Amino acid sequence: MRLFGTNGIREVVGERLTAPFVSQVASAIARRLPNGPAVVVGWDGRTSSPALARTVSGALMMGGHRVIEVGLLPTPAIQYNVTALGAQLGVIVTASHNPPEFNGLKCIAADGLEVPREFEEAIEQDVAAARVPDTPFHAVGEARTDAHGADRYVHGILSKVDAPAIAKRRFHVVLDCGNGASAVTSPTLLRRLGCRMITLNGHIDGMFPGHLSEPTEANLTDLRRTVPALGADLGIAHDGDADRAVFVDANGRYVPGEKILTLLARDAVRRHPGGVVVTPVSASLSVEEVVRAGGGSLVYSRVGSPVVTREMLARKAVFGGEENGGLIFPEFQLARDGAMTAARVLEYLARSGVSLAESLQDLPSYTLVKQKVECPVDLRVAVFGKLTEASRAAGESPITIDGLKIVRPEGWMLLRPSGTEPLIRVFAEAHDEATAEALARTGLERVRQAVADLRGGGARTP
Ligand code: MG
């Protein structure tokens, strides 16, 4: 039974994700761990998170483990505390940017990285056989609360950036916490960095009354209006568990995640000559271009932060990240980190003495188009077989690290099955929007044709 997706378990609360189910999963985790170092438990700001987290703690204690509850924190802050507290594992109750009805679980290994897929597979096998252990009173583990997780994390970030240089610029920032977990750390961090700051949606509320917690352009209307209205330098927004940060420039323009990824990738290879940068195959070509031009090398991985971070560890990469604003700074920790991203962007602007809009002007200019097309899950393997075969027959050399990526002189397209839905995602990128749209249309047509052929004599697209 597959429970874990690309980023842990994510389910609708009260359907599959009930307290008994969470207890079953946590019991399976407890059985896999040796008795010894503590297990850290932390959670996001969702309405069901404290109850589910306490259920996790209880099951771990029944397994004889010592639990340290670090409480409500951003995901990267919990990851940081797993290593800082010398724990053998972290369990995070979070559904990241999903709508309010969701919640989920995610496991962090002792090194602070998301656990490898093999650990999740072992848990999935054990859940089916889960039973409540017959633990005598004296063998039940203990739990303690650690209230210093937020401070420890903020200090950790401050020790890795040039805080005096940032403070000198006296940035005027509008911070949109989106009613999520960043509210407990990012305002403190920005104040310590000398920013003049106004927060939007700065109180925790699991119903996300400000806007849905995915930091898309459409969801950040208030931030885009507020930044120019207040004459601020820039706006920063996090997703629900704050492992991502996205930006709005002084004119209220939304900066796509791939722009910041490219900016900081170029900066990383300037600071670490010859360094390796890791991105998933879905990332913009602009990253490869600036990394190569800077004398670094770019390594593509499969999609999903657990794979990106493991690849970064193996390659001793100097930087990595995803085009959605989830950036990873290995000098701090191998985790997507929204607050660290905010601090690094401010540091970059402070050092270079430019505005956010100016800093992006000389980056390669590409347009990334994202589309999706329905495809039944049971047809997926056959569809990709057909797509690969057709692509090779057409004389292309498709890249098959994750899905099918076809690179052409004018741009590229990526066809990739969704990890959670009966969809195939189609990404396309080119220097101009019309070419990118045309590539995306080609991709969509190929998928539709493959699905129609497999269903037997469906209508032929031209
Ligand atoms: Mg997230």
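Strand E10 (residues 245-248) pairs with E11 in the antiparallel sense over 2 bridges; strands pair if DSSP finds at least two bridges between them. The model is predicted: local features need pLDDT of at least 70, side-chain atom pairs count only at pLDDT 80 or more, and totals for chains, interfaces and linings use all residues. Residues are numbered from 1 along each chain as its sequence is written, and side-chain values use heavy atoms, with hydrogens and water left out. Helices (H or I, at least four residues) and strands (E, at least two) are DSSP runs, numbered from the N terminus.

**Sheet**

- An open sheet is formed by 5 strands in the order E8-E7-E9-E10-E11, with mixed pairing.
- Its edge strands, each pairing on one side only, are strand E8 (196-200) and strand E11 (254-255).
- Opposite Val248 stands Tyr254 in E11.

**Magnesium site**

- The magnesium ion has as protein donors Ser96 (OG), Asp239 (OD), Asp241 (OD) and Asp243 (OD), at 2.0 to 2.2 Å.
- Donors are N, O and S atoms within 2.8 Å of the metal (3.2 Å for Na, K and Ca); water is not among the atoms, so sites may look incomplete.
- The sequence spacing of the donor residues is S-x142-D-x1-D-x1-D.
- Asp239 is buried at 0% relative accessibility, and Asp243 is buried at 2%.
- Buried means under 20% relative accessible area, exposed over 50%, and partly exposed in between (1.4 Å probe, protein chains only).

**Salt bridges**

- The whole structure contains 30 salt bridges, each a side-chain nitrogen of Lys or Arg within 4 Å of a carboxyl oxygen of Asp or Glu.
- Asp239, a donor of the magnesium ion, also meets Arg244 in a salt bridge (3.8 Å, N to O), and both Arg244 and Asp239 are buried.
- Arg152 and Asp146 form a salt bridge with their closest N and O atoms 3.1 Å apart; Arg152 is partly exposed at 24% relative accessibility, whereas Asp146 is buried at 5%.
- Arg292 and Glu288 form a salt bridge at 2.8 Å between the closest N and O atoms.
- Both Arg292 and Glu288 belong to helix H10 (residues 285-293), where they are 4 residues apart, about one turn of the helix.
- Arg292 is exposed, with 54% relative accessible area, while Glu288 is buried, with 15%.
- One network, joined by salt bridges that share partners, comprises Asp267, Arg271, Glu331, Arg344, Glu347 and Arg351.

**Aromatic pairs**

- There are 4 aromatic pairs in the whole structure.
- Rings of Phe, Tyr and Trp (its six-membered ring) pair if their centres lie within 6.5 Å; planes under 30 degrees apart count as stacked, over 60 as edge-to-face and the rest as tilted.
- Tyr80 and Phe332 are stacked, with ring centres 4.9 Å apart and planes at 25°.
- This pair links distant parts of the chain, 252 residues apart: Tyr80 is in helix H3 (residues 75-84), and Phe332 is in the loop between strand E15 (327-329) and strand E16 (333-336).
- Tyr153 and Phe332 are tilted, with ring centres 6.1 Å apart and planes at 40°.
- Tyr153 lies in helix H5 (residues 149-158), 179 residues from Phe332.
- Tyr153 is buried at 0% relative accessible area, and Phe332 is buried at 11%.
- One aromatic cluster is formed by Tyr80, Tyr153 and Phe332.
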